[in-house]
Amino acid sequence: ENLIKFLEMWLEAGICIAVAILDIGLIFFMVWSIICFDELKTDFRNPVDLCNSLNPLVLPEYVIHVILCILLAVGHYWLTFLLNVPLLLYHAYRYSSRPRMSVHGLYDPTQVMNLSEMKKNQMEGWTKLIAYLVCFFFYLFNVLYVFLSAES
């Protein structure tokens with residue numbers, strides 16, 4: 001019985017740690033996106049370079065977020081899973097309504113310099129960064145809670 005409780009605690013902690021690590025990856029993707037759009041806005045980067053550096057990161061970001069949500073569902077963290085579902089649905093919508101290009105991605109070099117498109121992409125980056133940071137601290141709290149509750 002103690003062995004089962006011990007294994008459950010480590011499985012729960014492992015899920016929390018994996019989710020936190022995946023979220024760190026998502027945070028890095030968003031920071032990179034924000035930096036790239038800022039460089040585009042200040043003319044340090046051209047639209048083709050921006051699209052070549054951000055488009056390959058779109059699918060990995062979405063796949064990591066799907067894996068994160070699956071881990072939350074497997075770990076029975078329903079509240080955090082439900083908090084991630086709107087962003088997951090937004091990702092599905094955003095990818096399904098992307099411009100048709102020869103490469104997978106969201107950013108079209110002919111449209112990315114449009115001021116309204118640039119502002120929309122920057123706002124999306126900042127919003128997702130804030131969401132991922134809030135979730136990260138929540139996941140970190142879950143890791144601490146699992147380890148501290150196991151001691152008692």
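What follows is a walk through the fold, the helix packing and a few individual residues of this predicted model.

Start with the overall picture. The chain has 4 helices and 0 strands, so the order of elements from the N terminus is simply α-α-α-α. Its C-alpha trace stretches over about 60 × 25 × 20 Å along the principal axes. Out of 152 residues, 39% count as buried.

Helix α1 covers residues 2-41, and it packs on α2 at an angle of about 160°, the two axes being 9 Å apart. That angle is over 145 degrees, the cut-off for roughly antiparallel, which is why α1 and α2 are described that way. The crossing of α1 past α2 is left-handed. Sorted by class, the residues in this contact come to 22 nonpolar, 3 polar and 2 charged.

The next pairing is α2 with α3. Helix α2 spans residues 47-74 and helix α3 residues 78-96; here the packing angle is about 155° and the axes are 9 Å apart. These two helices are therefore roughly antiparallel to each other as well. As for handedness, α2 passes α3 in a left-handed crossing. On the α2 side, the contact is built from Val 58, Leu 59, Glu 61, Tyr 62, His 65, Val 66, Leu 68, Cys 69, Leu 72 and Ala 73. Facing them from α3 are Trp 78, Thr 80, Phe 81, Asn 84, Leu 87, Leu 88, His 91, Arg 94 and Tyr 95. By class, that makes 13 nonpolar, 4 polar and 2 charged residues in the contact of α2 with α3.

Cys 69, one of the α2 residues in that contact, leads on to the cysteines. The disulfide count for the model comes to 0. A disulfide here needs two cysteine sulfur atoms within 2.5 Å, and the distances explain the result for two of the residues. For Cys 69, the closest cysteine sulfur belongs to Cys 135 and lies 8.9 Å away, too far for a bond. For Cys 36, the closest one is in Cys 51, and at 10 Å it is too far as well. Both residues are tucked away from the surface: Cys 69 is buried, with a relative accessible area of 2%, and Cys 36 is buried at 0%.

Two more residues are worth a look. Glu 124 lies in helix α4, which runs over residues 115-151. Although Glu counts as a charged residue, Glu 124 is buried, because its relative accessible area of 9% is under the 20% cut-off. Leaving aside residues up to four places away in sequence, Glu 124 touches Tyr 90 and Arg 94. Arg 94 has already come up as one of the α3 residues that meet α2.

Ile 67, by contrast, is a residue of helix α2 that counts as partly exposed, with 40% relative accessibility. Its C-alpha atom is separated by 8.6 Å from that of Val 19, even though Ile 67 and Val 19 are 48 residues apart along the chain.

Terms used: Residues are numbered from 1 along each chain as its sequence is written. This is a predicted model: local features need pLDDT of at least 70, side-chain atom pairs count only at pLDDT 80 or more; totals for chains, interfaces and linings use all residues. Side-chain values use heavy atoms; hydrogens and water are left out. Axes are lines fitted to C-alpha atoms, for helices over the stretch in contact, and angles run from 0 to 180 degrees between N-to-C directions. Angles under 35 degrees count as roughly parallel, over 145 as roughly antiparallel, 65 to 115 as roughly perpendicular and the rest as oblique. A crossing is left-handed if the near helix is turned anticlockwise from the far one by less than a right angle, and right-handed if clockwise. Contact means heavy atoms within 4.5 Å. Buried means under 20% relative accessible area, exposed over 50%, partly exposed in between (1.4 Å probe, protein chains only).
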